[in-house]
Amino acid sequence: MTESPEQQRHAVVRRLRTALTRLPQWWPLPVCVLLGTASGLSYGAFASPQYEATSYAMAVAEEETAPAAALGYAQSYGRLVTSDATLSYAQGAAGEPLRELRSHVRSETSPDSPMIAVTGTSEDRRRAADIANAVIEAVIVSSGHVSKDTGVKLIKFTHAMTPDQPVSPSVPLGTAVGAAAGGLLGGLVLLVRPRRAGWSVSAQVPAPAAAEGGVAQDERELVR
């Protein structure tokens, strides 16, 4: 008699459950490690290398302005690095459209120093330096327009140089990170998955205790 599709599906599910129950308890760990290693190896081998270049500007207080004001204005100008006004001014020299330029630029400031760091990222090493220099120039020009009112101006501290090495992970590093992440995930799976009935310690311990209690009770009855 031919089985229906539903019966065949149930049969396949039963076979899979039987096969899984025959596997050792720790099987998720090596599987996750292998998957993580393969993912890290693929990322390191096929991902495009990314280059970063950083330029710096410093906020300087004018003669009649308190030196502490330079630190506050450095924080403010650092937030304006990724604004539309700054990036619109820099997109021509950077050679990037405004939408793409925003994702290739980041800025950092220090709470202890009136310094602004602008980092450009690109798959082309020269383009990364061009982005950083174009954006830092745009911020300096913008600060110069209001320096008479603020009493603080920005000056270029260092010029971004063309990077020699990419910052994206290499194949060995990507493989190692993937294997470590897979091992961590496999360990978490082992911790949260339900244990089999045969491995339950709590189910096995009460049985001897109950048996000993029964033997002791029978001995007390015989003594009486």
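Buried means under 20% relative accessible area, exposed over 50%, and partly exposed in between, with a 1.4 Å probe and protein chains only as cover. The views below show a predicted model, in which local features need pLDDT of at least 70, side-chain atom pairs count only at pLDDT 80 or more, and totals for chains, interfaces and linings use all residues. Residues are numbered from 1 along each chain as its sequence is written, and side-chain values use heavy atoms, with hydrogens and water left out.

**View 1. The chain as a whole has 10 helices and four strands.** Helices (H or I, at least four residues) and strands (E, at least two) are DSSP runs, numbered from the N terminus. Along the sequence, their order is α-α-β-α-α-α-β-β-α-α-β-α-α-α. Of the 224 residues in the chain, 26% are buried. The mean pLDDT, where pLDDT is the predictor's confidence in each residue from 0 to 100, is 79 for the chain, and 77% of the residues score at least 70. The pLDDT is below 50 over residues 199-205, a stretch with two contacts (heavy atoms within 4.5 Å) beyond near neighbours in sequence. Where pLDDT is low, the predicted coordinates should not be read in detail.

**View 2. A salt-bridge network joins Glu52, Arg106 and Glu108.** A salt bridge is a side-chain nitrogen of Lys or Arg within 4 Å of a carboxyl oxygen of Asp or Glu. Arginine 106 meets glutamate 52 at 3.1 Å, N to O. This pair connects strand 2, which holds arginine 106, to strand 1, which holds glutamate 52, across 54 residues of sequence. Arginine 106 also bridges to glutamate 108, with 3.8 Å between the closest N and O atoms. Arginine 106 counts as partly exposed because its relative accessibility is 33%.

**View 3. Arginine 102 and aspartate 84 form a salt bridge of 2.0 Å, N to O.** Arginine 102 belongs to helix 5 (residues 98-103) and aspartate 84 to helix 4, 18 residues apart. Arginine 102 is partly exposed because its relative accessibility is 35%; aspartate 84 is partly exposed as well, at 44%.

**View 4. The largest nonpolar core contains 22 residues.** Such a core is a set of buried Ala, Val, Leu, Ile, Met, Phe, Trp, Tyr and Cys residues joined through side-chain atoms within 4.5 Å. Val81, Val105, Ile116, Val118, Val135 and Leu154 have the most contacts inside this core. Helix 6 supplies the largest share, seven residues. Leucine 154 touches Met58, Ala59, Tyr77, Ile116, Val139, Ile140 and Ser143, leaving aside residues up to four places away in sequence.

**View 5. Serine 143 lies in helix 6 (residues 125-145).** Serine 143 counts as buried because its relative accessibility is 0%. With residues up to four places away in sequence not counted, serine 143 touches Tyr77, Val152 and Leu154. Tyr77 is one of the buried residues of helix 3.

**View 6. Leu184, Leu188, Leu191 and Val192 make a nonpolar surface patch of about 460 Å².** Patches are made of residues with over 30% relative accessible area and no salt bridge, with like charges joined within 9 Å and nonpolar side chains (Val, Leu, Ile, Met, Phe, Trp, Tyr) within 5 Å; accessible areas come from the Shrake-Rupley method with a 1.4 Å probe, and for residues only the protein chains shown count as cover. Leucine 184 is located in helix 8 (residues 171-192). Its relative accessibility is 58%, so leucine 184 counts as exposed.
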